[in-house]
Amino acid sequence: MATVHLRIGDLVWGKLGRYPPWPGKVVSPPKDLKKPRGKKCHFVKFFGTEDHAWIKVEQLKPYHPHKEEMIKINKGKRFQQAVDAVEDFLKKAKGKEQNSESKGDSKGKKTSTKPLKILEEDDEDLSALKDPSEKDLTDSDPEPSTVERLGAGPGSGFKWESSPVSSLEPISKRLKIIEEDTITSIQAADSTAINGSIIPTDKRIGFLGLGLMGSGVVSNLLKMGHVVTVWNRTAEKCDLFIQEGARLGRTPAEVVSMCDITFSCVSDPKAARDLVLGPSGVLQGIRPGKCYVEMSTVDPETITELSQVITSRGGRFLEAPVAGSQQLSNDGMLVIVAAGDRTVYEDCSSCFQAMGKTSFFLGEAGHAARMMLILNMVQGSFMATIAEGLTLAQATGQSQQTFLDILCQGQMASTFVDQKCQNILQGNFKPDYYLKHIQKDLRLAISMGDTANHPTPMAAAANEVYKRAKALDQSDNDMSAVYRAYIH
């Protein structure tokens, strides 16, 4: 096979480990980034993303001769968007070349023969990230702002580095990795930046449960180019996602058997158990190597049980409950708290990037359930206290709006406080996080405290208020409807 000689500015197809070939451009590496030893490779910026990587020459192909071949074997919205970005790049390059030629003719100056090199400086659609404080860049001066962000999700850059077919050196300034024994916290930048740099896994993804949280997650997985098969107890909820490109599974067992990684997000421990252990359930589809990711907020005992039955069949298990709301789910801004099989966590890298802004790995299965219950216990108690303050203000002749205005200028100011209080004052209790679910989380947290012989009097008091709100038929409203428990 003839050797292909590449140079700065050449368009290529680059293969990153297990990911599909992706369109990119050979660029100059940062001056402080060393080329991997013993490897003949080029530094490549991938289109439609902010990812850069050292790619071995045998994993690179020229763009134009292999374009049709790659388009036939690769599918997905993100891939098509990346190809469209290349075509836009070429159109702009051609336009700049023509402009340069006309200016050169009129002034008698020599025209450039490297239009792609010209675009290195100011390709707004693709790089779009040049720091205005930086001097003008050339191929010998790489774009610092684009090179800052490499792998935004759990282990994305680090897995590629150890891949047998490529080497990627993480150089992100915004990705923090903190190791404490078996607990690892991986914090990424804002979701907008993350979602713009996702190369979707080539693993087949299954998703069970299309409620408030699950719907937003699936939508973002599809938007980022993942191949997703969905199932929901109420089948009609699947229709919208089928229209967006998802596949339909008839049962949980069928979804698991069709997919490499299957996520589930249901309402409570009973629903989570039934989904796995019930007729045509998840367990019937588990085979050695199949991955199951439990995203529901449940108690650690349920997680332990599910982990044991999944792994007993040769499956791999991860718990990954999420902190957030329907709006945050829709926006891809959830916080993922994971525990269990670390390799599954790493395999879920692009999925977690699509659905969230931050992910944490906490070690053995059960730790994530405990952490999420504590987080929701605090949130539920806080919401009840805010509702109590609003109603006390009204009862003592104070303006509720003024109370909110003062609150939002102090140390407790937050988007959560502002949005929940505004909704209360407007009488808008459309669910963003169901009241019945936050009450369930409080109940489970209190039970966890009993098991640990740890007092939870604040949570217990809040739980009673939510129970009263449920008695007032507020279960399917937003958690902020706890306000109504104080006015009836």
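These are my notebook entries on a predicted model, from the overall chain down to a few single residues.

I'm working with a predicted model, where local features need pLDDT of at least 70, side-chain atom pairs count only at pLDDT 80 or more, and totals for chains, interfaces and linings use all residues. Numbering runs from 1 along each chain as its sequence is written, and side-chain values use heavy atoms, with hydrogens and water left out.

**Entry 1: the whole chain**

I started with the secondary structure and got 20 helices and 16 strands in the protein chain. These are DSSP runs numbered from the N terminus, with helices being H or I of at least four residues and strands being E of at least two. Next I looked up burial: of the 488 residues, 51% count as buried. My cut-offs are under 20% relative accessible area for buried, over 50% for exposed, and partly exposed in between, with a 1.4 Å probe and protein chains only. I also checked contacts, meaning heavy atoms within 4.5 Å. Among those between residues at least 6 apart in sequence, 65% join residues at least 24 apart.

I listed what Phe-207 contacts, leaving aside neighbours within four places in sequence. Among them are Val-217, Val-218 and Leu-221, then Val-228, Val-230 and Trp-231, and also Phe-263 and Met-295.

**Entry 2: Asn-220 on H7**

I stayed on H7 to look at Asn-220. Buried or exposed? Asn-220 counts as buried because its relative accessibility is 4%. Its side chain reaches the backbone oxygen of Ser-329 at 2.9 Å. Not counting residues up to four places away, Asn-220 touches Ser-329, Asn-330, Asp-331, Gly-332 and Ala-354.

Thr-302 sits in helix H12 (residues 300-312) and is buried, with a relative accessible area of 0%. Its C-alpha is 9.8 Å from that of Asp-268, 34 residues apart along the chain. Beyond four places in sequence, Thr-302 touches Pro-269 and Arg-273. The Thr-302 side chain also makes a polar contact with the side chain of Asp-299 (2.9 Å).

Lys-440 is in helix H19 and counts as buried because its relative accessibility is 6%. How far is its C-alpha from that of Asp-268? I got 7.7 Å, for residues 172 apart along the chain. Lys-440 touches Ser-267, Asp-268, Pro-269 and Thr-297, again skipping residues up to four places away. Its side chain has a polar contact with the side chain of Asp-441 (2.8 Å).

**Entry 3: H19 against H20**

The axes of H19 (residues 435-451) and H20 (residues 457-471) come within 9 Å and cross at roughly 145°. Axes are lines fitted to C-alpha atoms, for helices over the stretch in contact, and angles run from 0 to 180 degrees between N-to-C directions. From H19, Leu-435, Ile-438 and Leu-442 are among the residues that meet H20, where Ala-459, Ala-462 and Tyr-466 are among the partners.

**Entry 4: positive phi**

I looked up two non-glycine residues with positive phi. Ser-280 has a phi of about 55° and lies in the loop between helix H10 (269-277) and helix H11 (282-285). At 31% relative accessibility, Ser-280 is partly exposed. Asn-453 has phi near 55° and is in the loop between H19 and H20. Asn-453 counts as exposed, at 70% relative accessibility.

How values were computed. A polar contact is a pair of N or O atoms within 3.5 Å; within protein, one must be able to donate a hydrogen and the other to accept it, and residues adjacent in sequence count only if both atoms are side-chain atoms.
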